[in-house]
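This report describes a single protein chain for a reader who is new to structural analysis. Please keep the sequence and the three-dimensional view at hand while reading.

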Amino acid sequence: KNNEQITKSFRAFEAVSCHKGNLNQALIYIDSALYYAKKIKKPTNLGSLYFAKAWDYLELNNSKEAIRWQDTSFFYAEKYEDGTPGVMNLYYGGSRLYERAGNLSKAFEAFRNYEHIKDSVYKIKRAQKINELELQYQN
């Protein structure tokens, strides 16, 4: 539990540093967050932490490192959170990052994955709503 709280704290420090324009400090904080997140038995936020690191590098105009860490973000998101709405949002954000970094083929692939997951989530929600309505009408 402590590692989760420490991870969240360092992630918050990273966000504040990034918004203040202190990107080198943001990288130190995100690396600290990743260090503690990896100590959690079943980490569920590694994808989003690496996504934050990728954006920090993009803001530093280091597209090569931004793409590297975005790729890592997808790896961990698929490993621990595959198919969830959180992963869907990572694919959307990743498509924007890749586009800004100048890698249009990866941007297109990420956007396609986003659309696929979005469609799946929508179908599940629609099926749940239909089941709820059928139960209402049966009673």
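## Aromatic pairs

The structure holds 14 aromatic pairs. Rings of Phe, Tyr and Trp (its six-membered ring) pair if their centres lie within 6.5 Å; planes under 30 degrees apart count as stacked, over 60 as edge-to-face and the rest as tilted. One of the pairs is formed by Phe10 and Tyr29, and this pair is tilted, with 6.2 Å from centre to centre and 35° between the planes. Phe10 belongs to helix H1 (residues 2-19) and Tyr29 to helix H2 (residues 23-37), so their pairing ties together parts that are 19 residues apart in sequence. The rings of Phe51 and Trp55 have planes at 80° and centres 6.2 Å apart, so this pair is edge-to-face.

The model is predicted: local features need pLDDT of at least 70, side-chain atom pairs count only at pLDDT 80 or more, and totals for chains, interfaces and linings use all residues. Residues are numbered from 1 along each chain as its sequence is written, and side-chain values use heavy atoms, with hydrogens and water left out.

Phe51 and Trp55 stand four residues apart in helix H3 (residues 46-59), and about one helical turn separates them. Both Phe51 and Trp55 are buried. In this report, buried means under 20% relative accessible area, exposed means over 50%, and partly exposed lies in between (1.4 Å probe, protein chains only). Tyr29, with a relative accessible area of 23%, is partly exposed. Tyr29 also belongs to an aromatic cluster, formed by Phe10, Phe13, Tyr29, Tyr35 and Tyr36.

## The overall fold

How many helices and strands does the protein have? There are six helices and zero strands, and from the N terminus on the elements run α-α-α-α-α-α. Helices (H or I, at least four residues) and strands (E, at least two) are DSSP runs, numbered from the N terminus. The C-alpha trace of the protein spans about 60 × 40 × 25 Å along its principal axes. Of the 139 residues in the protein, 37% are buried. Among contacts in the protein with a separation of 6 or more, 54% come from residues 24 or more positions apart; contact means heavy atoms within 4.5 Å.

Two packed helices are described by the angle between their axes and the distance between the axes. Axes are lines fitted to C-alpha atoms, for helices over the stretch in contact, and angles run from 0 to 180 degrees between N-to-C directions.

| Helices | Axes come within | Crossing angle |
|---|---|---|
| H1 and H3 | 11 Å | roughly 20° |
| H5 (residues 85-101) and H6 (residues 104-138) | 8 Å | roughly 160° |

H1 and H3 are therefore roughly parallel to each other, and H5 and H6 are therefore roughly antiparallel. Angles under 35 degrees count as roughly parallel, over 145 as roughly antiparallel, 65 to 115 as roughly perpendicular and the rest as oblique.

H1 passes H3 in a left-handed crossing. Here the contact is made by Thr7, Arg11, Glu14 and Cys18 of H1 together with Leu49, Ala52 and Asp56 of H3. The crossing of H5 and H6 is left-handed. The residues in that contact include Tyr91, Tyr92 and Tyr98 of H5 and Phe111 and Tyr114 of H6. A crossing is left-handed if the near helix is turned anticlockwise from the far one by less than a right angle, and right-handed if clockwise.

## Individual residues

Leaving aside neighbours within four places in sequence, Lys53 is in contact with Leu27, Ile30, Asp31, Leu34 and Trp69.

Asn45 is placed in the loop between H2 and H3 and counts as partly exposed at 23% relative accessibility. When residues up to four places away in sequence are not counted, Asn45 touches Thr7, Ala37 and Glu81. The C-alpha atoms of Asn45 and Asn103 are separated by 25 Å, and these residues are 58 residues apart along the chain.

Asn61 sits in the loop between H3 and helix H4 (63-81). Although Asn61 is not a glycine, its phi is positive, at about 60°. Asn61 is exposed, with a relative accessible area of 69%.
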